[in-house]
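These are my notebook entries on a predicted model. I set down what I looked up, entry by entry.

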Amino acid sequence: MKYVLVTGGVVSGLGKGVTASSIGVVLKACGLRITSIKIDPYLNTDAGTMSPFEHGEVFVLDDGGEVDLDLGNYERFLDIKLTRDNNITTGKIYQSVINKEREGEYLGKTVQVVPHITNAIQDWIERVAMVPVDGQEGPADVCVIELGGTIGDIESMPFIEALGQFSYRVGAGNFCLVHVSLVPVLNVVGEQKTKPTQHSVRGLRGLGLTPNMLACRSTKELEENVKEKLSQFCHVPVLKLSFSTTDNVYVQLIALVDNEFFWLQAANIFTLYDVSNIWHIPLLLRDQKAHNAILKVLNLESVAQEPKLDEWVARATLYDTLQDEVRIAMVGKYTGLSDSYLSVLKALLHASVSCHKKLVVDWVASTDLEDSTASEAPDAYKAAWTLLKGADGVLVPGGFGDRGVKGKMMAAKYARENNVPYLGICLGMQLAVVEFARHVMKFPDADSTEFNPNTKTPCVIFMPEGSKTHMGGTMRLGSRRTFFKVTDCKSAKLYGDVNYVDERHRHRYEVNPDMVPAFENAGLQFVGKDETGQRMEIIEIPDHRFFVGVQFHPEFKSTPSKPSPPFVGKLLDTYWKLSWSSGKLQQTLTICSNIHTLPTGLIAAACGQLDQVLQDSCNGHVVAAKHKLGDSSSTPLVHQNGHAQKQANGGVANGTCHANGNGSTHG
């Protein structure tokens, strides 16, 4: 087993997760099998009880693990299925060591951080790295490990010590350290400053870890003299790539292999500069031959092939050329930090690109839609309703607590009454049910027992198997099966007319099964249920343009190549053709399918593609033709309601935020 460790320095939020995922993408494109581990130094056992404002969204795995959102990046980028053990926390490590101490495994010994905690960390990494996550048998070739936090954090010290020991345990040629650091540009002088990275590497070396390569985050590509300075002070080699031609012009060395040009370099210091979308990041690594440097350190040069990333090139290029907008109103309570809804944003992005639309997300704070805001903050109230009414579709994501609940129900009511495409996820589905009971079935006191335990019309109730005393890991979690009870419903068509689907759940309240007959008599269909038929999973209003609610979280399984059906529907089989012509990359997206109709999800319905009929195009109908590589003329916008527009990481970005969930950068 080979290991690639990704650490971060200077500041948090540099994009270690996307960097680690992108390294995995490039190595996978070289023909290697990849697995991933995320280390979070906090004392929590898992991310399940943490506020989204504190740590972003809680990502849910098939096995019910509530983990850091970076594991979502790993799954989306690498098309793998991880387990809860792929997320290591200080809480898990200490809990396992204390349990062993109580069981007598350390009998007679004084249990200490070194060696017991550090050994537990190393044993955990080795054990989990051997578990296949790509559906194939046998262990992967390379395990990419991301160490959360920043070098110098007190809580990460045991992990750094353990990883230093681990590098010697696995031996030379089996361990590669990539350090992600910041090279800022001061506006006053306009110069790229290396001192923060120098200090970060010095601190890392002082803790017993020496980086093999530097991934430098900056607003623009590193200048050659900056790379040389970093090489000199950080002890990381840099390769000079130029040579003199007969015309005394310095050019980069290239080679022609199978009629394609490849740059001959193995960069140990490479730049991850700001790009228009994160799908460019694996391409940046490939273009700078970062994979060659990693393969050299890991002694894998003889077994790896030149990376083929045609699909990533095509997707990134298509994204940059999209012009036609689709506007989605995201109505939630955590709109101040869009990382709280990162997977939902990614699913929307995957769907919009699949529909060849430029995604614009209008963030609507649900509290701003409520009547109380009309008197307290009339401008915010007006701005929120303006955004909601201007949207092509409405999405109400999951959440907990009663703050903003009335506003979410108002959004569902507006979408229902005005035939606007609506998708409710988890709480968004439950509140759609409550709203239907109040305004269609005329039960004014209808409510969820989560918000009103004494309601006389409990539409949503606490699940019998749930715990009211312990919060962590006590919800209905992980992959559960949903059976379609109405075969000709929109949802079944979205999934390709299958009998059942497996999706991930995270909830402790459910629709009251005793009220289902009354709901269905009033026109609200429960088209998907669990295997018992007592747990409601999917709702629809049949005569509505698109009004769907799901109890599960479909966003957790959406990937760029396989968008989630409730967001976009069942896509036609597609493939990208790439070719070189006159020194420019040309791309065509060719559709070959015998499907003539495209069932539609939220994005497709919002785009006006409902019941769209496609011509049989096995003869090579071109949908997206000939875009120049690197043409970044457009980027999706994410607007805040009446306030400064925020980036996906919570920062303000000149009034706009990119819908890839990562601002204008990759992290």
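Entry 1: a pair of strands. I began with strand 1 (residues 2–8) and strand 6 (residues 142–147), which pair in the parallel sense over 5 bridges. I noted that Lys2 stands opposite Val142 in strand 6.

Entry 2: helices on the strands. I found that helix 4 (residues 90–103) packs on the sheet and touches strand 2 and strand 5. The direction of helix 4 makes about 70° with that of strand 5. Helix 3 (residues 70–78) lies across strand 2 (34–40), strand 5 and strand 6. Helix 3 runs at about 170° to strand 2.

Entry 3: I looked up the order of the strands and read 5-2-6-1-7-8-13, an open sheet of 7 strands with parallel pairing. Strand 5 (87–89) and strand 13 (269–273) are the edge strands, since each pairs on one side only. Neighbouring strands of this sheet are turned by 20° against each other on average, direction ignored.

Entry 4: one residue. I located Ser181 in strand 7 (residues 175–182). Is Ser181 buried or exposed? Its relative accessibility is 1%, so I recorded Ser181 as buried. The side chain of Ser181 makes a polar contact of 2.8 Å with that of Thr197. Beyond its neighbours within four places in sequence, Ser181 is in contact with residues including Gly9, Val10, Leu14 and Cys216.

Entry 5: a buried helix. I turned to helix 11 (residues 310–321), whose 12 residues reach 17 Å from first C-alpha to last, close to the 16 Å expected. Helix 11 is largely enclosed by the rest of the structure, because 10 of its 12 residues are buried. Among them I listed Trp312, Arg315, Tyr319 and Asp320.

Definitions and conventions
Residues numbered from 1 in each chain as written. Predicted model: local features only at pLDDT ≥ 70, side-chain atom pairs only at ≥ 80, totals over all residues. Heavy atoms only, no water. Helix = DSSP H or I, 4+ residues; strand = E, 2+ residues; numbered from the N terminus. Expected span 1.5 Å × (residues − 1). Buried < 20%, exposed > 50% of the residue type's maximum accessible area, 1.4 Å probe, protein only. Polar contact = N/O pair within 3.5 Å; in protein donor to acceptor, adjacent residues only side chain to side chain. Contact = heavy atoms within 4.5 Å. Pairing = 2+ DSSP bridges. Axes fitted to C-alpha atoms, helices over the stretch in contact; angles between N-to-C directions.
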